[in-house]
Amino acid sequence: MTQATVTPAQILQRFERFGIHLGLERSQQLLAKLGDPQRRLPIVHVAGTNGKGSVCAYLSSVLSAAGYRVGRYTSPHLVDWRERICIGETWIAQADLLLALEQVQQAGQLLDPALGSLTQFEVITAAAWWYFAQQRLDLAVIEVGLGGRLDATNVCERPLVSVITSLSREHWQRLGPTLADIAAEKAGILKPHCPAVVGPLPPEADAVVSARLAELACPTLRVEPARDLGQGRACWRGIEYSLSLAGAMQLTNSAVALAALQVLREQGWQISEAALTSGLAQTRWAGRLQWTTWTDPAGQTHRLLIDGAHNVAAAEYLRQFVEPWHTSITWVMGMLSTKDHLGILKTLLRPGDCLQALPVPDHSSLDPVELVRLAQSLHPDLAQTAVHQDLEAALAAAFAGPYPVVVCGSLYLVGQFLARTTGT
């Protein structure tokens with residue numbers, strides 16, 4: 001394989017075997033070798049269990065509508081690594097990502113071997129910092145990957161505003177078993193005297209975050225959900241706007257984004273109400289309560305809903321969204337091995353539903369046979385259950401039945417669906 005034919009995915013795959021190793025020392029030294037690009041860029045830093053991707057999308061869209069050149073770094077990607085690094089809505093070009101990765105690899109060779117090997121997330125995050133600095137952006141919206149305190153994104157000393165969208169029990173294997181443990185990790189993005197925006201939190205988590213906010217003397221804006229005006233419109237602090245993203249959770253996510261934008265306005269950033277409303281209305285964020293279509297081998301097109309729903313809190317929002325349909329549902333579902341499988345199934349499934357189970361490709365996945373067993377232990381009266389080894393077979397079986405079809409359980413599964421249907 002020549003250098004000319006190497007893809008970003010192939011480069012990043014070399015680092016996959018080094019797994020996840022939370023900690024900042026490798027990232028800090030790597031960025032120092034790259035000239036500390038993170039110090040040349042004003043940022044908004046966004047953490048949270050759910051909603052942080054949507055909040056980043058809202059922020060990027062509004063700030064772009066206000067005329068700023070905005071970088072956006074998010075994870076995971078659904079179809080292509082380039083999704084993670086955007087200017088406005090435009091993915092980084094393949095050649096630019098290859099160049100950024102080349103710079104990071106060269107810098108990585110200069111690190112002290114005692115630090116250990118760079119992880120895949122550290123490499124792509126450093127590439128994003130380097131690329132954004134080269135592009136001379138006005139600011140960047142940076143999403144935390146995992147946790148916050150020891151996440152590779154947590155290398156900026158003075159963010160414009162730190163955002164915590166929500167907290168629930170996920171990644172407890174790495175962040176700690178309780179909500180208080182997880183909250184302490186998320187609150188690790190807070191910096192002394194830097195403004196913070198905090199969404200509604202469970203009491204156990206709120207106590208931890210509040211203590212950290214007080215300790216660091218962070219000016220804090222607490223956010224309540226926007227008021228639902230019906231027909232896809234909402235109101236927050238007198239600002240009425242249309243929501244382009246579906247689901248009740250967007251009343252909170254959009255309000256959190258508006259609060260962060262309000263902080264920026266107070267700092268002198270020029271963001272008109274017209275930019276606020278047009279930016280919110282134009283926001284796109286794929287794979288979350290998204291209606292789309294699938295064409296079967298016979299050429300017939302079917303409508304379906306796709307959503308990650310990869311933890312209990314996200315599953316609750318999905319269940320709330322489908323409840324008004326007043327019908328049984330066929331779930332096409334795969335989950336990673338690390339998730340709260342029983343909790344998600346208990347939240348989503350109802351008697352009379354159907355389950356088409358499959359593995360999540362290219363990831364540590366729960367055996368679909370076990371997924372069906374867990375589902376049947378909760379609901380022996382499911383109308384149908386079946387195990388499949390690939391998505392096409394699961395979809396074909398799902399649409400052979402009479403019920404609406406929902407693909408969910410993992411963003412990686414949703415990504416596979418989008419890759420197949422878009423041809424990417």
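Reply: Rings of Phe, Tyr and Trp (for Trp, its six-membered ring) pair if their centres lie within 6.5 Å, and planes under 30 degrees apart count as stacked, over 60 as edge-to-face and the rest as tilted. A search of the whole structure with this criterion finds 6 aromatic pairs. This is a predicted model, in which local features need pLDDT of at least 70 and side-chain atom pairs count only at pLDDT 80 or more, while totals for chains, interfaces and linings use all residues. Residues are numbered from 1 along each chain as its sequence is written, and side-chain values use heavy atoms, with hydrogens and water left out.

Me: Which class does the pair of Y68 and W269 belong to, and why?

Reply: The ring centres of Y68 and W269 are 5.1 Å apart and their planes stand at 70 degrees, so the pair is edge-to-face. Helices (H or I, at least four residues) and strands (E, at least two) are DSSP runs numbered from the N terminus; Y68 lies in the loop between α3 and β2, and W269 in the loop between α9 and α10, so the pair ties together parts that are 201 residues apart in sequence. For accessibility, buried means under 20% relative accessible area, exposed over 50%, and partly exposed in between, with a 1.4 Å probe and protein chains only. Y68 is buried at 19%, and W269 is buried at 16%.

Me: What geometry do Y73 and F121 show?

Reply: Y73 and F121 form a tilted pair, with 6.2 Å from centre to centre and 40 degrees between the planes. Y73 belongs to strand β2 and F121 to helix α5, 48 residues apart. Y73 is buried, with a relative accessible area of 1%, whereas F121 counts as partly exposed at 21%.

Me: How should I read charged side chains, and how many salt bridges does a search of the whole structure find?

Reply: Side chains of opposite charge can pair when their charged atoms come close. A salt bridge here is a side-chain nitrogen of Lys or Arg within 4 Å of a carboxyl oxygen of Asp or Glu, and the search finds 13 of them. In one of these, the closest N and O atoms of R39 and E157 are 3.2 Å apart; R39 sits in the loop between α2 and β1 and E157 in the loop between β5 and β6, 118 residues apart.

Me: Why are E215 and R212 separated by about one helical turn?

Reply: They are separated in this way because they are 3 residues apart in helix α8, and their side chains meet in a salt bridge with an N to O distance of 3.0 Å. E215 is exposed at 58%, while R212 is partly exposed at 29%.

Me: Finally, what is the strand order in the open sheet of 6 strands?

Reply: Strands of a sheet pair through backbone hydrogen bonds, either parallel or antiparallel. Two strands are taken to pair if DSSP finds at least two bridges between them; the order in this open sheet is β12-β13-β17-β14-β15-β16, with mixed pairing. The edge strands, β12 and β16, each pair on one side only. Strands β14 and β15 pair in the parallel sense over 4 bridges, and T330 stands opposite C354 in β15.
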